Amino acid sequence: MSEKETFWLGIDCGGTYLKAGLYNSQGKEHCIERQALHTLSPLPGYAERDMTQLWDVCASTIARLLQRNHIQGSQINGVGISAQGKGLFLLDKQDKPLGHAILSSDRRAMAIVQRWQQDGIPEKLYPLTRQTLWTGHPASLLRWLKENAPERYAQIGCVMMGHDYLRWCLTGVKSCEESNISESNLYNMNDGDYDPQLTHWLGISDIDAALPPIVGSAEICGEITPQAAAITGLAAGTPVVGGLFDVVSTALCAGLKDERTLNAVMGTWAVTSGITHGLKSHEKHPYVYGRYVQHNEFIVHEASPTSSGNLEWLTTQWGDISFDEINQVVASLPKASSSVFFLPFLYGSNAGMEMTSGFYGMQALHTRAHLLQAVYEGVVFCHMTHLNRMRERFTDVHTLRVTGGPAHSEVWMQMLADVSGLTVELPQVEETGCFGAALAALVGTGIYPDFHTAQRTLTHDIRVITPDPQAHAAYQRKYRGYQLLIESLQGFHSRIKEYSA
């Protein structure tokens, strides 16, 4: 490889891994490096991350990427970062990490969200923010800190999310990237800026001065500092762009450009997204909107932390079965034939905040294979909750593009096609977060004039899976059973509340 060859660095900070990849000007992946991230759970419902350790992992991953591939920092023309959305990353007034970061899957603020719901706060917020209220939103977590850790709350100097924090570590410049901060309940979707009325309604006006400037996804908003250069191997002065919410990264990699195709992301979160122009009012469901990468475009989605993270947890407990083996045992069973149901609510639910995970319908005749099949089915059924709602909004959809770890499973993807009745398309992009982040850097440094041009130019192969009509009918019967089980458990939780009152 010539030392004159140049690259763009894309960093992806996800729920379980931090990844870094190098891409050339045609979007071709040159190499990828990854390291595991640790989620801390000191109390039930808590999901935290050590911010200093996160930066150490990020810096060492970049350094290892360059060293192992014999690439000089001077060969990197731009840097972008994609990351999980929501959550809360705080600096104190001396620009030091203020405790652990709190991740989007954290549930400590549930009582606050429930209280806000009783007080009608979501109905006041939604016309301005186009967000539902969730325990992992920055707004919810800030209010929790104010009520439960007032000393820490009083020390807040800057409010950020994951990729904002890493960008600050690289550049020393504080900012919040728009596609991510637009989904914080601190941002007015109509005006495209922070809105002090929102923090007033939420009782956290004290943090208004701690909200940094908003930057665009492809906007150059800093350069690699000498300090960051010394530990990463990057060259000081290399431009760093705003970056992307990881859901936006996957939508870009999935090639979404109109309302006929939806993108399902299968990871820790189950997300179904579509792209639209402008905001609509009086819709049937409170769809979540976010700013997209092009002017006057929005990403619309439904989401919950109910996807393949459930399988990862389960296999960690067993510890002796690979993904290939799981696919083999699930494929060995007849489709939709088992009476076992799995509720994929280990990290949250899309059927009510009180709902938790579990198997139902097990008998002595069932084996581990039946439990694994039920996990696959439960995750797909949970995705269907969001997909069905999104199809009421995007009425011309005929194709579902899928990204995330389960997209590597032919068995799981055939199940998704069979349950949904839609053609499933699998973009052959190995690391959507890294590629999306690099795409932002390519646009920001002028290689492409905008994201649409880059999308048209940097195309990827797509694998197609078509639904089996006979299997679709069988799965619809089991899916109806899943829905009835959910309804019954919702009634159980309502009665428990009454009994406990």
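**Questions on a predicted model**

Author: Lys86 has its place in the loop between β5 (76-83) and β6 (89-92), in a model that is predicted.

Reader: Why is Lys86 called buried?

Author: A residue counts as buried under 20% relative accessible area. Lys86 has a relative accessible area of 14%, so it is buried.

Reader: How do you know whether Ala336 is buried or exposed?

Author: The relative accessible area of Ala336 is 16%. Since the cut-off for burial is under 20%, Ala336 is buried.

Reader: Why does Leu198 count as buried?

Author: Leu198, in helix α8 (residues 196-202), has 0% relative accessibility and therefore counts as buried. Neighbours within four places in sequence aside, Leu198 is in contact with Leu125, Leu128, Thr129, Asn185, Leu186, Tyr187 and Asn188.

Reader: What makes helix α14 largely enclosed by the rest of the structure?

Author: Helix α14 (residues 410-420) has eleven residues, and eight of these are buried, so α14 is largely enclosed. The buried residues are Trp412, Met413, Met415, Leu416, Ala417, Asp418, Val419 and Ser420. Just after α14, Gly421 takes a positive phi of about 75°.

Reader: Which residues touch the most other members of the largest nonpolar core?

Author: That core has 92 residues, and those with the most contacts to other members are Leu142, Ile156, Val402, Trp412, Met413 and Tyr482. Helix α13 (residues 368-393) contributes the largest share of the core, twelve residues. A second, separate core holds 40 residues, including Phe7, Cys31, Leu166 and Leu234.

Reader: What is Leu142 in contact with?

Author: Leaving out neighbours within four places in sequence, Leu142 contacts Leu88, Leu90, Tyr153, Ile156, Val159, Leu186, Ile204 and Ile207.

Reader: How do you know how α1 and α6 pack?

Author: Two packed helices are described by the angle between their axes and the distance between the axes. For α1 (residues 51-68) and α6 (residues 162-171), the angle is about 65° and the axes are 11 Å apart. The crossing is right-handed. The meeting residues are Met51, Thr52, Leu54, Trp55, Cys58 and Ile62 in α1, and Tyr165, Leu166, Cys169 and Leu170 in α6. By class, this contact has nine nonpolar residues, one polar and none charged.

Reader: Why are β18 and β24 called edge strands?

Author: The open sheet has seven strands in the order β18-β19-β17-β16-β22-β23-β24, and its pairing is mixed. β18 (288-291) and β24 (462-465) each pair on one side only, and these are the edge strands. From one strand to the next, the twist averages 30°.

Reader: How do you know that β16 and β17 pair?

Author: Pairing requires at least two bridges between the strands. β16 (residues 261-266) and β17 (residues 270-277) have four bridges, in the antiparallel sense; Met266 stands opposite Ala270 in β17. Helix α10 (residues 246-253) packs on the sheet, touching β16, β17, β18, β19 (297-304), β22 (399-404) and β23 (423-427), and the direction of α10 makes about 115° with that of β19.

Reader: What makes β19 largely enclosed?

Author: Seven of the eight residues of β19 are buried, and β19 is therefore largely enclosed by the rest of the structure. β17 pairs with β19 in the antiparallel sense over eight bridges, and Gly274 has Val300 as its bridge partner in β19. β18 also pairs with β19 in the antiparallel sense, over four bridges, and Tyr289 stands opposite Val300. The hairpin of β18 and β19 has five residues between the strands, and in this hairpin Asn296 takes a positive phi near 65°.

How values were computed: Residues are numbered from 1 along each chain as its sequence is written. This is a predicted model: local features need pLDDT of at least 70, side-chain atom pairs count only at pLDDT 80 or more; totals for chains, interfaces and linings use all residues. Side-chain values use heavy atoms; hydrogens and water are left out. Axes are lines fitted to C-alpha atoms, for helices over the stretch in contact, and angles run from 0 to 180 degrees between N-to-C directions. Helices (H or I, at least four residues) and strands (E, at least two) are DSSP runs, numbered from the N terminus. A crossing is left-handed if the near helix is turned anticlockwise from the far one by less than a right angle, and right-handed if clockwise. Contact means heavy atoms within 4.5 Å. Ala, Val, Leu, Ile, Met, Phe, Trp, Tyr, Cys and Pro count as nonpolar, Asp, Glu, Lys and Arg as charged, and the others, Gly among them, as polar. A nonpolar core is a set of buried Ala, Val, Leu, Ile, Met, Phe, Trp, Tyr and Cys residues joined through side-chain atoms within 4.5 Å. Buried means under 20% relative accessible area, exposed over 50%, partly exposed in between (1.4 Å probe, protein chains only).
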